[in-house]
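Please walk through this structure with its helix packing and its salt bridges in mind.

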Amino acid sequence: MIDDLYSARILTLAANLPHAGRLPQPDGTGERTAKLCGSRATVDVTLDDQARVAGFAQDVKACALGQAAAGVLGQHVMGAAVQDIRDARDAMVAMLKSGGDGPVGRFEDLRLLKQVADYPARHASTLVSLEATLEAMNAALAARTRLAGAA
């Protein structure tokens with residue numbers, strides 16, 4: 001039954017991680033680790049003048065499901081606002097934990113992971129890249145606020 005999780009589409013996403021690596025001078029960095037399995041994501045972002053993702057890099061060490069989620073994120077993250085990431089994360093949590101439909105809009109492809117809901121041990125690894133991205137964006141926004149306050 002778990003083999004159903006690893007469709008050709010999910011394995012393709014996992015194998016082709018967009019924006020892999022690190023940014024040389026990020027505005028913010030986020031790191032998340034799934035305690036149960038050790039899946040880890042480190043995300044760097046730069047923001048444009050409207051606080052949307054202008055630069056993005058991710059270093060993800062996760063199972064195929066976590067890598068696939070990071071693949072979808074990497075395909076659609078450019079130009080996203082923090083609220084877009086938060087909405088996608090919240091919709092993923094609802095999809096995995098309480099039968100929600102999943103993200104809509106730019107991150108709708110994350111619905112490919114809907115079957116992960118049946119495997120609670122895989123939830124955290126599926127969310128690490130979104131959580132790390134949200135943390136990186138919040139760090140970038142906080143740094144921007146600090147700089148504006150110092151000026």
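How does arginine 40 count by its relative accessibility: buried, partly exposed or exposed? Arginine 40 counts as partly exposed, at 25% relative accessibility, where buried means under 20% relative accessible area, exposed over 50% and partly exposed in between, with a 1.4 Å probe and protein chains only. The model is predicted, so local features need pLDDT of at least 70 and side-chain atom pairs count only at pLDDT 80 or more, while totals for chains, interfaces and linings use all residues. Residues are numbered from 1 along each chain as its sequence is written, and side-chain values use heavy atoms, with hydrogens and water left out.

The side chain of arginine 40 meets that of aspartate 59 in a salt bridge, 3.8 Å from N to O; the term stands for a side-chain nitrogen of Lys or Arg within 4 Å of a carboxyl oxygen of Asp or Glu. Because aspartate 59 lies in strand β3 (residues 53–61) and arginine 40 in strand β2 (residues 40–47), the pair ties together parts that are 19 residues apart in sequence. Helices (H or I, at least four residues) and strands (E, at least two) are DSSP runs, numbered from the N terminus. Aspartate 59 is partly exposed too, with a relative accessible area of 22%.

A second pair is aspartate 84 and arginine 52, whose closest N and O atoms are 3.6 Å apart in a salt bridge. Aspartate 84 sits in helix α3 and arginine 52 in the loop between β2 and β3, so this pair ties together parts 32 residues apart in sequence. Aspartate 84 is partly exposed at 25% relative accessibility, and arginine 52 is partly exposed at 31%.

Next comes the helix pair. The axes of α3 (residues 82–98) and α4 (residues 123–150) come within 10 Å and cross at roughly 160°. Axes are lines fitted to C-alpha atoms over the stretch in contact, and angles run from 0 to 180 degrees between N-to-C directions. That crossing makes α3 roughly antiparallel to α4, a label for angles over 145 degrees. The contact (heavy atoms within 4.5 Å) includes Ile85, Arg89 and Leu96 of α3 and Leu127, Glu131 and Leu134 of α4.

Two of these contact residues, glutamate 131 and arginine 89, also form a salt bridge, at 3.3 Å from N to O. Glutamate 131 in α4 and arginine 89 in α3 are 42 residues apart, and both are buried. Salt bridges that share partners join Arg32, Arg89, Asp90, Glu131 and Glu135 into one network. The count of salt bridges comes to eight.

Conventions
Angles under 35 degrees count as roughly parallel, over 145 as roughly antiparallel, 65 to 115 as roughly perpendicular and the rest as oblique.
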